[in-house]
Amino acid sequence: MNAPIPRGVLILSNDFLTPFAKTSDYLAEAFERRQIPAYVRDNADARLLTYLFSEEMEPDTPRAQQAAADALRDLIAWTGIDTVLSLDLNWFVTPGLLVDDAAIRAIHSFWFDDFRSWSTSPFNPCFPVSGDVFQQHVKHPKVTHHFYGDCQAQEARLLGVTRQRLTRLAAPRSLLHNDEPCVNTDRLAFIGNPGFRGPPHEGAVKLMEADAELDELRAFCRDAILLHPDVHAVKWYEEEPTVKNLLAVAAEARRRFPYQPALEIVRMAGTHYPRAFEYLNEKGAILDLAFLVKLVNRYDRPAFVRRLWKRGWIDVYSAEEEWKPYGVEARPYVSFRDLPAHYRMYAAHLNAPNAIRDATANEKLFEVSACGRMSINLDSPDVRSCYGPDEIALVDSLAALEAAAEKALRDPDAALAQGERARARTAREHLWDHRIGALLGADADLNRKP
Amino acid sequence: VAASVSPAPAPRPLVLVVANDFDPVAARISRHLARALERIGYAAIVRDTRLNRWGAAEAAAAGAARREAFEAAVVAKWAKLVDDYGVDLVLGLDAHWMLSPRLFVQAAERVRQVHSLWLSGSVPSDEAPFGSAARDLLNSPKVTHHGASELLLEKLRAFGLEHLRRTRPAAPRDYLRAADPCTVRDRVAFIGDASSDLAGLAQKLWQRARLDVYGDVESWARLGVEAKPMPPFPQLPALYRRYAAHLGPVNEGLFEVAACGRLPLVPDDAEVRACYDDGEISRASGLNGLEAAVENVLRDPEAALAAGLRARERTAREHLWEHRLAEVLA
């Protein structure tokens with residue numbers, strides 16, 4: 001049965017996290033194309049108030065909460081908003097604000113970040129509340145959580161969130177109509193940061209310099225996780241030594257099955273080490289352990305980029321400082337406004353997921369495709385479920401990456417043709433309009449003129 | 001390697017539309033502006049400054065150090081938005097874009113122009129939210145002020161503003177599609193505040209059952225008028241369409257009523273005559289003249305509806321937001 005068409009949609013963003021914030025504007029455009037008024041508002045402003053009302057102004061925090069709530073309540077009343085969408089949990093401004101508002105019928109969380117971070121950070125929501133209140137909100141019957149990867153969904157389920165859907169990321173429709181010429185066929189491009197923040201391990205960089213394969217790098221990470229435990233892990237090992245065994249098995253399993261959700265791996269390993277699993281469960285530390293397991297893939301993205309950089313086959317954009325430790329000299333940041341043109345400038349792009357998110361079909365996969373360009377991706381089930389090998393390149397090693405890149409450089413026309421097929425598939429299946437169509441329970445009438 | 005990379009071609013300019021949700025008109029029109037910008041070839045995003053302003057006032061009350069720290073945080077947020085999105089132009093309702101000298105006009109090099117669309121009719125305060133002199137910010141060479149009428153431009157000039165242009169308000173294109181039936185022909189409608197210059201006339205006509213009032217129920221009650229609450233923004237076109245004619249001041253409502261194919265009844269002035277001809281709208285001098293115009297409409301609502309259709313055609317040709325914005329950004 002189709003859900004009622006929203007009368008107005010409030011999209012809550014966070015402009016401190018602009019790479020995700022841009023999706024808010026894409027979603028708004030897609031709603032407006034359906035003649036559904038959409039209002040993007042920035043939750044970063046409420047967060048700034050928490051900063052202002054810290055320290056000596058802390059006793060007055062309730063007034064700040066009231067101001068943040070009033071701002072949204074007024075907007076909802078004036079505009080007839082009945083549906084809320086937000087990136088991550090940015091709708092959770094103050095307790096009760098949207099879930100208790102009778103005018104609001106549905107709240108949708110589109111998860112980009114991992115659920116664990118939000119569940120454990122004291123600053124989520126904007127104004128700190130007890131864990132019980134947080135749980136009541138994320139499990140409220142009005143709220144649906146949308147995850148773009150199985151692991152995200154599993155993590156949320158572990159925390160009791162059952163109202164959830166798999167909703168893939170997508171591309172904005174405007175990218176389809178981008179016809180800038182391809183002017184760089186002698187190199188590929190990568191636009192983005194190395195993924196996991198923080199300097200790389202010296203040993204990992206040495207391995208990359210020695211042309212190590214992904215599997216060797218993953219094995220290095222597996223060992224590093226066990227050899228250099230963080231303070232939490234040290235405590236776990238002291239209190240329940242079999243936790244180390246569980247982690248060792250899980251990390252090795254992740255090396256062998258690099259796209260299997262980390263949480264699933266931990267659970268399976270837990271069947272062999274039930275005492276360790278029970279201990280972690282009691283401590284509320286299962287997701288912390290799963291995070292360590294994800295780190296096995298930490299160097300997938302940097303290794304991808306670095307391999308082609310070393311060959312002189314790639315231009316890297318953005319995060320100049322973060323790329324330096326990898327020996328990669330990146331060009332300046334590309335603003336969102338300039339992204340489509342940069343995608344179009346090259347016949348082919350490199351794409352690799354951020355290991356921390358444990359979800360491989362990222363936004364860039366869809367955006368590069370919408371621009372009619374070919375992307376080279378790790379051959380994960382999620383990516384494969386969105387595009388086929390005649391639309392994108394799928395590789396499972398750095399050697400295969402090099403081969404795919406060389407092919408694109410040798411025959412850019414073939415890469416461009418592949419990109420055009422990816423564009424056609426995106427236009428049919430992977431626009432934000434399609435995701436909203438699914439969300440509304442209706443088929444998207446994509447041929448309707450705005 | 002660097003030398004051989006061809007530069008990317010210039011994309012559509014990106015306009016940041018700055019609203020303030022303290023002001024319902026700004027909240028409503030900002031969305032219309034963004035949609036109109038997209039139709040004329042710009043990309044647009046809308047953001048609000050309500051909580052920044054509220055926080056700035058709170059921070060100022062807590063002392064200079066707090067204010068400076070909060071200003072730095074607010075500036076950092078907006079500067080990141082400008083850089084990451086690649087904002088080229090800023091379009092603010094009134095001066096809602098005016099927060100700190102370090103934003104938009106002085107520090108943000110990539111923002112080429114700032115346009116203030118003055119709709120509220122009020123002049124700015126002397127002090128910007130973080131304490132700097134408002135005139136200095138507002139008179140930056142990047143900034144152009146657009147006043148809806150000569151009267152407002154004169155007020156802004158008297159305040160000390162430079163770079164002034166006359167830009168009238170307009171209607172959203174969506175309103176041209178409104179097709180709801182006219183169900184009330186024995187009364188006209190007035191949508192607005194109890195503080196309006198026309199409130200006295202509205203009160204008189206309401207008492208004689210010639211007019212329905214929509215607005216803040218409590219403030220109208222103080223005048224003895226039982227007003228109906230304002231509907232949510234998306235229902236405004238249907239409300240306009242419900243009546244054959246609407247009494248109102250010369251503001252964006254004039255164009256919106258006309259876009260909905262209904263007859264605006266407005267005080268006569270040069271602005272009105274410059275926009276619509278007789279036969280498209282009804283204009284009259286003085287409150288007595290407007291009262292007589294209301295009576296005329298109620299005697300012949302079919303004629304009012306026919307005039308409304310002509311007003312809609314004129315609006316579609318000349319008075320949509322895309323017409324205004326094309327001139328503003330030319």
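Predicted model: local features only at pLDDT ≥ 70, side-chain atom pairs only at ≥ 80, totals over all residues.
Residues are numbered from 1 along each chain as its sequence is written, chains are lettered from A in the order in which they are written, and side-chain values use heavy atoms, without hydrogens and water.

**The interface**

Chain B brings 52 residues to the contact and chain A brings 56 (contact means heavy atoms within 4.5 Å). About 4,500 Å² is buried between them, and carbon and sulfur atoms give 57% of it. Buried area is the accessible area (1.4 Å probe) that two parts lose on being put together, summed over both. Leu51(B), Arg66(B) and Tyr85(B) lose the most area in chain B, together 15% of what that side buries.

Twelve salt bridges cross the interface (a side-chain nitrogen of Lys or Arg within 4 Å of a carboxyl oxygen of Asp or Glu). In one of them, Arg47(B) meets Asp15(A), with the closest N and O atoms 2.8 Å apart. On the chain B side, H3(B) gives the most, with eleven residues. Helices (H or I, at least four residues) and strands (E, at least two) are DSSP runs, numbered from the N terminus.

**Aromatic pairs**

The whole structure holds 18 aromatic pairs over all chains. Rings of Phe, Tyr and Trp (its six-membered ring) pair if their centres lie within 6.5 Å; planes under 30 degrees apart count as stacked, over 60 as edge-to-face and the rest as tilted. Two of the pairs are listed here.

| Pair | Type | Centre to centre | Between planes |
|---|---|---|---|
| Phe92(A) and Phe134(A) | tilted | 6.2 Å | 45° |
| Phe110(A) and Trp432(A) | edge-to-face | 6.3 Å | 75° |

Phe92(A) lies in the loop between strands E3 and E4 of chain A and Phe134(A) in helix H5, so the pair ties together parts 42 residues apart in sequence. Phe110(A) in strand E4 and Trp432(A) in helix H21 of chain A are 322 residues apart. Phe92(A) is buried at 0% relative accessibility, and Trp432(A) is buried at 0%. Buried means under 20% relative accessible area, exposed over 50%, partly exposed in between (1.4 Å probe, protein chains only). Ring pairs also link Trp91(A), Phe92(A) and Phe134(A) into a cluster.

**Positive phi**

Ser318(A) has phi near 90°. Ser318(A) is buried, at 9% relative accessible area. His163(B) has a positive phi of about 50°. His163(B) is partly exposed, at 36%.
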